[in-house]
Amino acid sequence: GMGDEPPNRYTFWNDFINATVKTNITQVLVMHSYNNVGGDDWKKPGFLSETLEQATAMHTLAAESGVPLWCGECGPHNGGGRANITDRVISSFWYLDALGVLARLGLQQHGRQSLVGGHYGLLQETTHIPNPDMFVLILFNRLMGPRVLDLAVTSSVNVSASLHAYAHCHPSNDGSVTIAAINIDPITSYTVDLSRYASMAQVYMFNGTDTSGQIPTYNGKLLDVSSLKVPTLAAVLVNSTDVEVPALSYGFIVLDADAAVCR
């Protein structure tokens with residue numbers, strides 16, 4: 001399996017692929033993975049790590065065999081998650097990073113464990129009130145279309161350890177581009193100049209400084225989750241020359257860029 005040490009790490013997968021994919025029994029490979037390794041063992045926000053390592057290896061095997069790779073069951077931590085951690089704001093940093101980086105890698109499906117149940121559910125088990133990760137998923141589906149773009153962050157200093165960003169075509173607005181941004185630095189805010197693409201930017205940003213909170217702060221206001229209705233989650237319009245990604249924040253930036261690739 002994936003946990004075996006070299007040179008036997010991929011023996012099972014190679015045998016499985018030879019027995020099923022190459023005989024047309026299987027048309028897609030599905031991985032089952034829990035990230036488990038959060039930021040400093042979930043003491044602070046972090047990016048996708050353990051699942052990304054597994055997905056990268058499995059995607060190579062799938063691509064060599066000519067079949068897609070799906071994330072059929074993926075979550076923040078096995079064993080039902082971790083109470084007051086994987087159902088809190090701190091979980092949303094890895095989750096948005098996972099959605100972005102696995103799509104960029106080439107995975108065509110992401111099955112989150114779970115909708116309801118355990119400490120990793122998108123909804124609270126008894127009340128069905130959304131946990132913070134649910135709002136990430138809602139906006140990802142609204143704003144990030146299936147066409148994935150190649151995005152590079154350029155800066156005078158190396159920010160890759162604290163700032164990740166991903167870009168997709170908007171799912172319904174022709175020519176528009178959506179950027180997902182995650183900043184896990186507890187002190188440093190980043191200002192991004194996007195004026196070469198559009199004059200204004202629509203910002204959908206969550207402030208994650210209260211990492212242990214169960215209700216996220218969105219565009220400066222605590223979300224109202226008192227009912228089972230999804231809040232409006234409206235954007236804030238800002239000048240594209242100085243779009244801020246604050247310390248400990250995650251969210252989306254939409255640009256009416258008139259990008260040919262997105263038309």
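A pocket is an open set of points on a 1 Å grid over the protein atoms alone, with protein on both sides within 12 Å along at least five of seven lines; its lining residues have an atom within 4 Å of a point. The model examined here is predicted, so local features need pLDDT of at least 70 and side-chain atom pairs count only at pLDDT 80 or more, while totals for chains, interfaces and linings use all residues. Residues are numbered from 1 along each chain as its sequence is written, and side-chain values use heavy atoms, with hydrogens and water left out.

The largest pocket holds about 600 Å³ of space. A volume is the space filled by probe spheres set on the grid points, which are joined across faces, edges and corners. The lining comprises 27 residues. Leu151, Ala152, Val153, Val192 and Leu194 lie nearest the pocket's centre. Strands β5 (163–169), β6 (177–183), β7 (190–192) and β13 (249–255) each give two or more residues to this lining. Helices (H or I, at least four residues) and strands (E, at least two) are DSSP runs, numbered from the N terminus. By class, 21 lining residues are nonpolar, 3 polar and 3 charged. Ala, Val, Leu, Ile, Met, Phe, Trp, Tyr, Cys and Pro count as nonpolar, Asp, Glu, Lys and Arg as charged, and the others, Gly among them, as polar.

The second largest pocket holds about 350 Å³. It has 20 lining residues, with Leu99, Gln108, Gln109, His110 and Phe140 nearest its centre. At least two residues each come from α3 (91–105), β3 (110–112) and α4 (132–143). Helix α3 provides the largest share, 5 residues.

The largest nonpolar core has 54 residues. Such a core is a set of buried Ala, Val, Leu, Ile, Met, Phe, Trp, Tyr and Cys residues joined through side-chain atoms within 4.5 Å. Buried means under 20% relative accessible area (1.4 Å probe, protein chains only). Leu96, Leu139, Ile182, Tyr250 and Phe252 touch the most other members. Another core, of 21 residues, lies apart from it and includes Val159 and Tyr190.

In helix α1 (residues 11–20), Trp13, Ile17 and Thr20 are buried. They lie on the same side of α1, because they cover an arc of only 90 degrees around the axis, taken from the directions from the helix axis to the C-beta atoms. Their cover includes β1 (29–34) and α2 (50–65).

Glycine 117 sits in the loop between β3 and α4. This glycine is buried, at 14% relative accessible area.

Conventions
Buried means under 20% relative accessible area, exposed over 50%, partly exposed in between (1.4 Å probe, protein chains only). Contact means heavy atoms within 4.5 Å. On a 1 Å grid over the protein atoms alone, a cavity is a set of points where a 1.4 Å probe fits but cannot get out, and a pocket is an open set with protein on both sides within 12 Å along at least five of seven lines; lining residues have an atom within 4 Å of a point.
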